[in-house]
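Welcome! Keep the sequence and the 3D view at hand as you read.

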Amino acid sequence: PDVTVQQQVTELTRSRDKYKASFEEANDAIVILNDDGRILEANSAMRAVFGVESEELIGRSISEFLPGETNLDIEWQDALPSSGERNTATVISADGRERVIEYSATADIIAGQHLFVSRDITDRRERERELEVAETVFQNAKDALVLVDVIDEQEYRLNRVNDAFESLTPDDRADLTGLSPREMLGDVGSDVQSRFDECVARQEAIEFEQVVPE
């Protein structure tokens, strides 16, 4: 019996240590909250998002870091998404920096303790905004623009064109998608492809003139 008890204690200790290691090293930012929305435990990823060390974080209300986003300090469980759903919120870190997180919650993983899992998507949102701006500039440019994908060495396929380019050709832009320079421009496509090769090899913008048959 004593041996069995010792084995059970050993297994419990191993499970606890494994849980702690997984919790601390997780890529997602994780906190355990009590019924009042106060932080009981937070992993390193969450501490990095909040910009606060562990000893300064425990016991604080998560609503301190989510001002104006939710009513966490009163009825935080009702404000969080259902298990499996994900919402976004703006986190104000200790240094005043705003971070955008995507988060989900699971209530009562243990009675009175609730799991809050988030992921910092600030950089992703910034890239999305940059792409939106770039797409707007691309489509609204007065110059005829073509976006080409580099498929392989010396192989290029048309991704899309802007409105100005479409106005120069009788073809619908959907009909142009996927074409190679030669398929799109005929014999002069070989000259255009050589320019693409030069651009890729030099890894910089180049300017050239090309007469395109009507």
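**The nonpolar core**

The largest nonpolar core has 19 residues, and V31, I39, M46, F50, I101 and F116 are those that touch the most other members. Such a core is a set of buried Ala, Val, Leu, Ile, Met, Phe, Trp, Tyr and Cys residues joined through side-chain atoms within 4.5 Å. This is a predicted model, where local features need pLDDT of at least 70, side-chain atom pairs count only at pLDDT 80 or more, and totals for chains, interfaces and linings use all residues. Residues are numbered from 1 along each chain as its sequence is written, and side-chain values use heavy atoms, leaving out hydrogens and water.

- Two or more core residues come from each of β1 (29–33), β2 (39–42), α2 (44–50), β3 (87–92) and β4 (98–110); helices (H or I, at least four residues) and strands (E, at least two) are DSSP runs, numbered from the N terminus.
- With four residues, α2 gives the most to this core.
- F50 is in contact (heavy atoms within 4.5 Å) with I39, L57, I62, F65, V91, S93 and A94, leaving aside neighbours within four places in sequence.

- D108, in strand β4, is not a glycine, yet has a positive phi of about 55 degrees.
- D108 is partly exposed, at 48% relative accessible area (buried is under 20%, exposed over 50%, partly exposed in between; 1.4 Å probe, protein chains only).
- Q203, in the segment after α9 (189–202), also is a residue other than glycine with a positive phi, near 55 degrees.
- Q203 is exposed, with a relative accessible area of 66%.
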